[in-house]
Amino acid sequence: VQLVESGGGLVQPGGSLRLSCTTSGLTFSNYNYIMRWYRQAPGKERELVATIDSIDGRTSYSDSVKGRFTISKDNDKNTVFLQMNNLKPEDAADYYCQTVGRLNNPYWGQGTQVTVSS
């Protein structure tokens, strides 16, 4: 199983980015994986940002991003997205995709860096 994040970069405050988490070895339609986006800024604790269930599509968000970020999925491509709008400097962090397999084994991507600065 591999999770590969992409889409990070430098954006000005108020701008948008769309992160992708492309998976291999997972079939979203066969098992209800809870796909998660975490972020971690230097010197700060890791924060769970958003989740989506791979079959029923149920989503959840942290209060810090609710209304600005949208998590979605493409089951044909077994890929998860995080659309981030109205980005703030405090959103700057490394963003990681994560899930837990059928045997409760966690899988993490390598992360993608988001920088929000003018």
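The link of Cys 21 and Cys 97 is left-handed, with -80° about the S-S bond. This disulfide (a pair of cysteine sulfur atoms within 2.5 Å) has an S to S distance of 2.1 Å. Its two ends lie in distant parts of the chain, Cys 21 in strand 3 and Cys 97 in strand 9, 76 residues apart. Strands here are DSSP E runs of at least two residues, numbered from the N terminus, while helices are H or I runs of at least four. A search of the whole structure finds one disulfide.

The model is predicted: local features need pLDDT of at least 70 and side-chain atom pairs count only at pLDDT 80 or more, while totals for chains, interfaces and linings use all residues. Residues are numbered from 1 along each chain as its sequence is written, and side-chain values use heavy atoms, with hydrogens and water left out.

Cys 21 is buried at a relative accessible area of 0%, and Cys 97 is buried at 0%. Buried means under 20% relative accessible area, exposed means over 50%, and partly exposed lies in between (1.4 Å probe, protein chains only).

**Core**

The largest nonpolar core has 26 residues. Such a core is a set of buried Ala, Val, Leu, Ile, Met, Phe, Trp, Tyr and Cys residues joined through side-chain atoms within 4.5 Å. The residues with the most contacts inside this core are Met 35, Trp 37, Phe 69, Val 80, Leu 82, Met 84 and Tyr 95. Strands that each supply at least two residues of this core include strand 3 (17-24), strand 4 (34-40), strand 5 (47-53) and strand 9 (93-100).

Tyr 95 has contacts (heavy atoms within 4.5 Å) with residues including Leu 19, Trp 37, Phe 69, Leu 82, Met 84 and Val 114, not counting residues up to four places away in sequence. Arg 39 is also among the residues that Tyr 95 touches.

**Salt bridges**

The structure holds five salt bridges. A salt bridge is a side-chain nitrogen of Lys or Arg within 4 Å of a carboxyl oxygen of Asp or Glu. Three of them are tabulated here.

| Pair | N to O distance |
|---|---|
| Glu 47 and Arg 39 | 2.8 Å |
| Asp 53 and Arg 58 | 3.1 Å |
| Asp 63 and Lys 66 | 3.3 Å |

Asp 53 is buried at 4%, whereas Arg 58 is exposed at 57%. Asp 63 is exposed at 68%. Salt bridges that share partners join Arg 39, Glu 47, Arg 68 and Asp 91 into one network.

**Thr 51**

Thr 51 is in strand 5 and is buried at 10% relative accessibility. Its side chain makes a polar contact of 2.5 Å with the side chain of Ser 60. A polar contact is a pair of N or O atoms within 3.5 Å; within protein, one must be able to donate a hydrogen and the other to accept it, and residues adjacent in sequence count only if both atoms are side-chain atoms. Thr 51 also touches residues including Met 35, Arg 58 and Ile 71, not counting residues up to four places away in sequence.

**Positive phi in loops**

Asn 86, in the loop between strand 8 and strand 9, has a phi near 50°, a positive value in a residue other than glycine. Asn 86 is partly exposed at 44%. Asn 104 has a positive phi near 65° and is placed in the loop between strand 9 and strand 10 (106-108). Asn 104 is exposed, with a relative accessible area of 65%.
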